[in-house]
Amino acid sequence: MAHSLVLFYQYFEPPWTDDEHREALRVLNKLGQQFGMTGRGRVAAEGVNMTLTGRKAETLKFCAALRAWKFADCDFKISAIEKRRLFKHLTLRKTQELVGYGLARQPPS
């Protein structure tokens, strides 16, 4: 059975509200579990950044579901991967920043 690695990030403007941020994390976890995706991702109010693995057919369905939800313009980078290189679990973290620069904790100058 063929397996895939999918890399993607998507910024949202304006950033999600606190409620939208929580809902996005819930939906992303649900879709990831529904399609058997494994890997890791950061979910911030400003967007998402993920590296996931799964069966090829399920990976394509997962990406289609994301496009139908809020990721219509997202550029998914999909490549083949050996089964032994699949991630073991799905871990999505709710974060303050999409890229962890620590700027959210800095007071304005």
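What do the buried residues of H2 pack against? Before getting there, note that this is a predicted model, where local features need pLDDT of at least 70, side-chain atom pairs count only at pLDDT 80 or more, and totals for chains, interfaces and linings use all residues. Residues are numbered from 1 along each chain as its sequence is written, and side-chain values use heavy atoms, leaving out hydrogens and water.

Let's start with helix H2 (56-69); helices (H or I, at least four residues) and strands (E, at least two) are DSSP runs, numbered from the N terminus. Glu58, Thr59, Phe62, Cys63, Ala65 and Leu66 of H2 are buried, meaning under 20% relative accessible area with a 1.4 Å probe, protein chains only (exposed is over 50%, partly exposed in between). They cover an arc of only 160° around the axis, so they sit on the same side of H2; the arc is taken from the directions from the helix axis to the C-beta atoms. As for the opening question, these buried residues pack against S1, H1, strand S3 (47-55) and S4, with contact meaning heavy atoms within 4.5 Å.

Now for the rings. There are 7 aromatic pairs in the structure. One of them, Phe12 with Phe71, is edge-to-face, at 5.4 Å centre to centre and 90° between the planes. Rings of Phe, Tyr and Trp (its six-membered ring) pair if their centres lie within 6.5 Å; planes under 30 degrees apart are stacked, over 60 edge-to-face, and the rest tilted. Both Phe12 and Phe71 are buried.

Finally, look at Lys83, in the loop between S4 and strand S5 (90-94). Lys83 counts as exposed because its relative accessibility is 61%.
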